[in-house]
Every structure is written in structure tokens, then in C-alpha cells.
Amino acid sequence: MNPTDLKFLIVDDFSTMRRIVRGLLKEMGCNNADEAEDGAIALNLLRSQKFDFVVSDINMPNMNGFDLLKAIKADDSLKHIPVLMVTAEARKEDIVLAAQTGAAGYIVKPFTKATLEEKVQKILQKLATPA
């Protein structure tokens, strides 16, 4: 599975952050990305189009990253999609909750292309290896 073939959904209430993530993905060769400004919009997009990977902020209005993650994991047609959680604070309870809720990984802002690329690759390797 090659990240360049995947369609990403970037979920963050700050357009600047979405732009940064989109830019980093582009540098990784991933040109297929869409954006949503909160979990509710993201969920609608996920249900109406095909996405392969979600990069979601945790703190957002309307529907936060954890609620979005729960909704994705509760939906049979979406639960296979890996979700990489992004947050400004690396709070222990957030990391635990993310893992318990089924997040594929966790990344703390600000992050570099190298960090993002490494996380995405790790997640894809895990997916490629049947449990």
C-alpha cells in the first residue's frame, strides 16, 4: 500500500493547519486530499465519498476528533479507515482514549514532514499485515 495512492481527509477547524497538513502530504507525494473543518462535516464527506485515511485534530467545535473517531469506528462501512489523531497537547489521557477508541496513531503539533511520513508509513504497514 503506497501513501501516494491514498485519498486523505484532513479534519481541523483551523484552515492554516489544514493547509500545513495538505502541504506535508503533497511533499510526501500524496496529492489526493480533501478537507473538513469539523467532525460533522468530515463524517458527511466520509459517507458520501471514498477515503482511505483520516488525519484529524482532536479539539474542534461541533464534533471533536474523539466523537468523529467513535462515529467512524461505529460505522461498518467506515471502520476500516485508519485515523491519525492530531493534537496540540500530548495529554496522557488523550493518548489512552485515542488508542482505546481505535485511533491508528497519534501525532503532536507542530510536526514535521518526517514525523507525519513515519506515522503514515507505520500505520499502513500495520494495515498491510493481517492481524
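Trainee: So, which residues does D12 touch, not counting residues up to four places away in sequence?
Mentor: This is a predicted model, so keep that in mind. Leaving out residues up to four places away in sequence, D12 touches M17, R18, A36, E37, D57, M60 and K109.
Trainee: Is D12 buried or exposed?
Mentor: Buried: D12 has 3% relative accessibility, and the cut-off for buried is under 20%.
Trainee: And where is D12 found?
Mentor: D12 is in the loop between β1 and α1, the helix at 15-27.
Trainee: OK, switching to the sheet. What order do the strands have?
Mentor: The order is β2-β1-β3-β4-β5, in an open sheet of 5 strands with parallel pairing.
Trainee: Which strands stand at the edges?
Mentor: β2 (33-36) and β5 (105-108) do. Each has a single partner strand, so one side of each is left without a neighbour in the sheet. On average, neighbouring strands are turned by 20° against each other, ignoring direction.
Trainee: Back to D57 from that contact list. What stands opposite D57 in β4?
Mentor: V86 does. The strands involved are β3 (residues 53-57) and β4 (residues 83-87), which pair in the parallel sense over 4 bridges.
Trainee: What about helices? Which strands does α2 touch?
Mentor: Helix α2 (residues 39-48) packs on the sheet and touches β1 (8-11), β2 and β3. The direction of α2 makes about 165° with that of β1.
Trainee: And which ones does α3 touch?
Mentor: Helix α3 (residues 65-74) also packs on the sheet, touching β1, β3 and β4, and its direction makes about 170° with that of β4.

Notes:
Residues are numbered from 1 along each chain as its sequence is written. This is a predicted model: local features need pLDDT of at least 70, side-chain atom pairs count only at pLDDT 80 or more; totals for chains, interfaces and linings use all residues. Side-chain values use heavy atoms; hydrogens and water are left out. Two strands pair if DSSP finds at least two bridges between them. Helices (H or I, at least four residues) and strands (E, at least two) are DSSP runs, numbered from the N terminus. Axes are lines fitted to C-alpha atoms, for helices over the stretch in contact, and angles run from 0 to 180 degrees between N-to-C directions. Contact means heavy atoms within 4.5 Å. Buried means under 20% relative accessible area, exposed over 50%, partly exposed in between (1.4 Å probe, protein chains only).
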